Amino acid sequence: MIVAGVMSGTSADGINVALVRITERGRGRPRHTLLAHAEYSFPAPVRRAILNMMNAESARVADLVRLNFLLGELYADALAKTARRHRIKLDLVGCHGQTLYHQGTAARFLGRKVAVTWQTGEGAVIAARLGVPVVSDFRPADMAAGGKGAPLVPFLDYVLYRDPHIGRIAQNIGGIANLAAIPASAKLDRIIAFDTGPGNMLIDAVTEQLFGQRYDRNGRIAASGRVLDDVVAQSMQALFFRQKPPKTAGREEFGRTYAKDFLSRCGRADKRDVVATATALTARSLADAVQRFVLRKRGRYQEMIVSGGGANNPTLMAMLRNEIAPLGIALRFSDEFGVPTDAKEALAFAVLAYETWHRRPSNVPSATGAKRAVILGKISYA
Ligand SMILES: Nc1ncnc2c1ncn2[C@@H]1O[C@H](COP(=O)(O)OP(=O)(O)O)[C@@H](O)[C@H]1O
Ligand SMILES: [Mg+2]
């Protein structure tokens with residue numbers, strides 16, 4: 001079966017597509033072969049609209065609904081283009097969609113406690129345009145079962161990285177960073193996974209604010225600055241970093257307001273030093289999460305395997321390597337496991353869609369906090 005995964009993350013930078021062949025013989029585990037992947041940037045006005053719609057205070061319902069259908073069209077375009085270019089016929093699509101709001105922990109609303117999430121990008125539109133069934137809306141079923149709805153990628157991390165002798169930490173660095181720790185020779189239910197905090201989100205925000213560039217391309221600005229160690233230390237005091245997993249984060253926690261507070265902590269420092277400091281804080285928060293919540297509890301890990309856009313930032317990678325070396329952990333990249341760093345999450349949603357199509361559960365309760373394993377997603381038939 002040929003399955004396409006389509007993903008757009010909290011960075012709102014664009015659409016990632018992965019085309020995968022999945023084969024299954026008898027009772028063996030399905031095998032995945034990545035056939036193609038591609039990335040399409042959002043046009044600037046679409047990106048701006050997405051960021052505005054993530055601002056729950058100012059978003060208007062008519063615009064939210066329009067965006068939901070528009071993204072369906074854009075995802076369909078991206079999928080069709082990739083399939084055409086590689087002359088591949090799709091059988092199924094898994095669409096993560098664009099998260100506009102995620103609140104993984106139940107909070108009181110009109111007298112009832114509810115945990116809520118919304119990924120936009122209408123599956124019915126994609127199914128109609130491509131003529132294949134689409135699985136979308138992966139997160140609500142996990143939340144209805146008491147989970148935080150995230151992270152869902154650990155299902156794939158386990159397939160890719162489990163090893164009889166090596167303990168591995170899968171570290172994805174998108175807008176938000178999240179990890180999945182897979183102990184040596186572990187069963188699926190031994191995985192712990194959670195969001196560690198900002199991935200590229202803070203770096204992007206300060207770079208945009210101070211340099212008018214969308215991100216610190218190849219970490220050049222950070223490499224030219226000096227890290228303000230006291231700001232890093234002070235920022236690490238934030239409650240989120242100390243909170244025990246399971247935990248999730250988004251723009252709600254590390255968006256505009258967070259960046260503004262960070263900038264004010266940096267005071268009048270040189271602009272390059274501010275970007276260097278944001279990068280160092282990001283690296284430190286990843287290592288700190290490992291030390292605090294992974295190593296202390298679950299023994300030995302030898303490797304951290306990085307994916308996501310942050311893998312393209314050499315300054316961030318050098319800082320991260322330095323942070324985890326004293327923990328006895330080596331830095332590796334998902335490419336070494338046959339998964340390009342920019343294709344990993346799209347691949348994950350192809351694999352999750354395949355499981356749903358076969359009526360099999362694919363959340364990892366130890367990662368999301370759900371009470372049980374459930375079948376994820378909703379299906380739009382073509
Ligand atoms: N060449 C690069 N140099 C530095 N940072 C990069 C580079 N390429 C991508 N990034 C970072 O990766 C981010 C996108 O990562 P991605 O994994 O797509 O996140 P998300 O899942 O949140 O969309 C960009 O916003 C940028 O910060
Ligand atoms: Mg992205």
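Phe240, Phe241, Phe254 and Tyr258 are linked by ring pairs into a cluster. The model is a predicted one, and the values that follow are computed from it.

**Within and around the cluster**

- Phe254 and Tyr258 form an edge-to-face aromatic pair, with a distance of 4.8 Å from centre to centre and an angle of 80 degrees between the planes, and both of these residues are buried.
- Phe240, a member of the cluster, also has Lys247 lying over its face, at 4.5 Å from the ring centre.

**An aromatic pair across the sequence**

- The aromatic pairs come to a count of eight.
- Tyr161 and Phe337 have ring centres 5.0 Å apart and planes at 75 degrees, and because planes over 60 degrees apart count as edge-to-face, the pair is assigned to that class.
- Tyr161 belongs to helix H5 (residues 154-161), whereas Phe337 belongs to the loop between strand E11 (330-333) and helix H14 (344-357), so that the pair ties together parts that are 176 residues apart in sequence.
- Tyr161 has a relative accessibility of 0% and therefore counts as buried, while Phe337, at 21% relative accessibility, counts as partly exposed.

**A further charge over a ring**

- Lys271 places its charged end over the ring of Phe211, at 4.8 Å from the centre of that ring.

**Ser380 and its surroundings**

- Ser380 is part of strand E12 (residues 378-380), and with a relative accessibility of 14% it counts as buried, because the limit for that class is under 20%.
- The side chain of Ser380 comes to 3.3 Å from the backbone nitrogen of Ala124.
- When neighbours within four places in sequence are left aside, the residues in contact with Ser380 are Gly123, Ala124, Ala127, Val132, Pro133 and Val134.

**Arg47 and its surroundings**

- Arg47 lies in helix H1 (residues 44-53) and is buried, its relative accessible area being 13%.
- The side chain of Arg47 reaches the backbone oxygen of Ser11 at 3.0 Å, and Ser11 is also listed, with Ala12, Asp13, Phe42, Glu208 and Arg214, as being in contact with Arg47 once neighbours within four places in sequence are left aside.
- Arg47 and Ala346 are 299 residues apart along the chain, and their C-alpha atoms are separated by 19 Å.

Terms used. Residues numbered from 1 in each chain as written. Chains lettered and ligands numbered in written order. Predicted model: local features only at pLDDT ≥ 70, side-chain atom pairs only at ≥ 80, totals over all residues. Heavy atoms only, no water. Phe/Tyr/Trp six-rings, centres within 6.5 Å; stacked < 30°, edge-to-face > 60°. Helix = DSSP H or I, 4+ residues; strand = E, 2+ residues; numbered from the N terminus. Buried < 20%, exposed > 50% of the residue type's maximum accessible area, 1.4 Å probe, protein only. Lys NZ or Arg CZ within 6 Å of the ring centre and 35° of its normal. Polar contact = N/O pair within 3.5 Å; in protein donor to acceptor, adjacent residues only side chain to side chain. Contact = heavy atoms within 4.5 Å.
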